[in-house]
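My entries follow in the order in which I looked.

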Amino acid sequence: MLRGRSVTLRPVTDADVPALAAIRGTPEVRRWWRGGPDPAAAVRAELADDDLTAYAVEHDGRVVGLVQYYAEPDPDYRHAALDIYLDPAVHGTGLGGDAIRALTRHLVEAYGHHRFTIDPAAANTAAIRAYAKVGFRPVGIMRRYERGEDGRWHDALLMELLADELAD
């Protein structure tokens, strides 16, 4: 278990799928995370991906989201790519930044990571502001990076953080 100031991160279990699927199914989250007509199937598919490590984000004893990372295995390009989604009921409360800080500190201390990336949709200004508060800096726009549920390609903003730039 990993602890932030207000959140606890723990490995996701099958018992978390209904709560995470409910969060993924909200319009505010689904807009950015998609997942097809069955959010529970999308959550299960991500949990089955051996390249990802996922943690349930808990606050006040309740699952309020998921944070996950992919670690680049090539030692010459070592970094971790992060992703997060939270229940819209806790958007704007600082819990996302707290979860990212807790995970980032763990990856630095336990695995020696020095660099982190995150790639929100370029139109997701709230997420971009939240990541900047943690210390992520814009690298550039990745054009037509991700296909949305509308079938069109959308831009994303690549952001990066070096371990010594992590903001409290």
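Predicted model: local features only at pLDDT ≥ 70, side-chain atom pairs only at ≥ 80, totals over all residues.

**Entry on R62 and D87.** I began with the side chains of R62 and D87, which meet in a salt bridge with 3.3 Å from N to O. R62 belongs to strand β4 and D87 to the loop between β5 and α4, so this pair ties together parts that lie 25 residues apart in sequence.

**Entry on D168 and R105.** Next I turned to D168, which forms a salt bridge with R105, their closest N and O atoms being 2.3 Å apart. Since D168 sits in the segment after β8 and R105 in helix α4, the pair ties together parts that are 63 residues apart in sequence. I noted D168 as exposed at 60% relative accessibility, and R105 as partly exposed at 32%.

**Entry on R115 and E160.** I also found a salt bridge between the side chains of R115 and E160, at 3.0 Å from N to O. This pair links distant parts of the chain, with R115 in strand β6 and E160 in strand β8, 45 residues apart. R115 has a relative accessible area of 24% and is partly exposed, and E160 is partly exposed as well, with 26%.

**Entry on the count.** I wrote down a total of nine salt bridges, and I noted that R10, D16 and E58 are linked in a network of salt bridges.

**Entry on the largest pocket.** Which residues lie nearest the centre of the largest pocket? I found W33, I84, N124, A127 and Y131 there, among the 44 residues that line this pocket. Its volume is about 1100 Å³. Several elements each supply at least two residues of the lining, including α2, β4 and α4, but the largest share, seven residues, comes from α5. By class I noted 25 nonpolar, nine polar and 10 charged residues in this lining.

**Entry on the second largest pocket.** The second largest pocket has a volume of about 250 Å³. Of the 14 residues that line this pocket, R31, W32, A121, G148 and H154 are the closest to its centre. I saw that α2, β7 and β8 each supply at least two residues of the lining, with the largest share, three residues, coming from α2. Here my tally by class is four nonpolar, two polar and eight charged residues.

Conventions
Residues numbered from 1 in each chain as written. Heavy atoms only, no water. 1 Å grid on protein atoms, 1.4 Å probe; cavity = no way out; pocket = protein on both sides within 12 Å on 5 of 7 lines; lining within 4 Å. Points joined across faces, edges and corners; volume = space filled by probe spheres on them. Helix = DSSP H or I, 4+ residues; strand = E, 2+ residues; numbered from the N terminus. Nonpolar A, V, L, I, M, F, W, Y, C, P; charged D, E, K, R; others polar. Salt bridge = Lys/Arg side-chain N within 4 Å of Asp/Glu carboxyl O. Buried < 20%, exposed > 50% of the residue type's maximum accessible area, 1.4 Å probe, protein only.
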